[in-house]
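I opened this structure for the first time today. These are my notes, in the order I looked things up.

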Amino acid sequence: MKNLIVICLLISPLALSAQKNKKTNFEVSGNCEMCKIRIEKAALNVKGLKAANWHIPSNILSIVYNSEKVNLQKIQTAIAKVGHDTPLEKAPDETYDKLPICCIYKRNLE
C-alpha cells in the first residue's frame with residue numbers, strides 16, 4: 001500500500017505538468033534550410049516553448065509549449081521579428097528585406 005501511495009505522489013506532478021503542455025502547428029512562411037534554422041531558433045528562444053520543428057515543404061511549424069508560460073501570439077511575434085510571416089504576425093518589411101536571397105518568400109498582399 002505504501003508503494004502505491006509513493007507512486008501516486010510521484011506521478012501526480014508529472015501529470016499536472018503534462019496538462020500545461022500543448023501541441024499545435026501553424027504556417028510560417030519561408031523556403032529553405034536557413035529559414036528552418038532561423039524559425040526554430042526564434043521559436044525556441046521564447047520562454048515556455050518546449051519543442052519546435054518547421055517542415056520545409058509544407059511551411060508548417062509544429063510546437064509543444066507550456067500554455068501557462070507563453071501564448072501563441074508571443075511565439076508568432078518572435079518568429080515575425082526574424083523575418084517570417086505567421087497567421088497572427090507579419091514580419092516587419094525592413095527585416096524581411098534583409099533576409100538572404102534564398103529565404104525571400106512570396107508574401108500575401110493583404
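The entries below go from the overall layout to single residues.

**Ground rules.** I am working with a predicted model, where local features need pLDDT of at least 70, side-chain atom pairs count only at pLDDT 80 or more, and totals for chains, interfaces and linings use all residues. Residues are numbered from 1 along each chain as its sequence is written, and side-chain values use heavy atoms, with hydrogens and water left out.

**Layout.** I looked up the secondary structure and found 4 helices and 3 strands. Helices (H or I, at least four residues) and strands (E, at least two) are DSSP runs, numbered from the N terminus. Along the sequence, the pattern reads α-β-α-β-β-α-α. I then checked burial: 34% of the 110 residues count as buried. Buried means under 20% relative accessible area, exposed means over 50%, and partly exposed lies in between (1.4 Å probe, protein chains only). I also looked at contacts, meaning heavy atoms within 4.5 Å. Among contacts between residues at least 6 apart in sequence, 49% join residues at least 24 apart.

**Strands.** Which strands does strand 3 pair with? Two strands pair if DSSP finds at least two bridges between them. I noted some partners. K23 stands opposite V64 in strand 3. N53 has S62 of strand 3 as its bridge partner. Strand 2 and strand 3 form a hairpin, with 4 residues between them. N59 sits in that turn and has a positive phi of about 60°.

**H55.** I placed H55 in strand 2 (residues 49–55). Its bridge partner in strand 3 is I60. Is H55 buried, exposed or partly exposed? H55 counts as partly exposed because its relative accessibility is 42%. I also checked H55 against K36: they are 19 residues apart along the chain, and their C-alpha atoms are separated by 7.6 Å.

**Helix 2.** I listed the buried residues of helix 2: C35, K36, R38, I39, E40, A42 and A43. What covers them includes strand 2, strand 3 and helix 3 (72–81). Why is K36 on the buried list? K36 counts as buried because its relative accessibility is 16%. Leaving out residues up to four places away in sequence, K36 touches N53, W54 and I56.

**Core.** I looked for the largest nonpolar core and found 22 residues in it. Such a core is a set of buried Ala, Val, Leu, Ile, Met, Phe, Trp, Tyr and Cys residues joined through side-chain atoms within 4.5 Å. L61, I63, I75 and I79 touch the most other members. The elements giving two or more residues are helix 2, strand 2, strand 3 and helix 3. Helix 2 gives the most, with 4 residues. Beyond its neighbours within four places in sequence, L61 contacts residues including F26, V28, I39, A43, W54 and I79.

**Aromatic rings.** How many aromatic pairs does the whole structure hold? My search found 1. Y96 and Y105 form it, edge-to-face, at 4.9 Å centre to centre with 75° between the planes. Rings of Phe, Tyr and Trp (its six-membered ring) pair if their centres lie within 6.5 Å; planes under 30 degrees apart count as stacked, over 60 as edge-to-face and the rest as tilted.

**Y96.** I placed Y96 in helix 4 (residues 93–96). Both Y96 and Y105 are buried; for Y96 the relative accessible area is 9%. Setting aside residues up to four places away in sequence, Y96 touches G83, I104, Y105 and R107. The charged end of R107 sits over the ring of Y96, 4.2 Å from its centre. That label needs NZ of Lys or CZ of Arg within 6 Å of the ring centre and within 35 degrees of the ring normal. Last, I checked D85: its C-alpha atom and that of Y96 are separated by 8.9 Å, with the two residues 11 apart along the chain.
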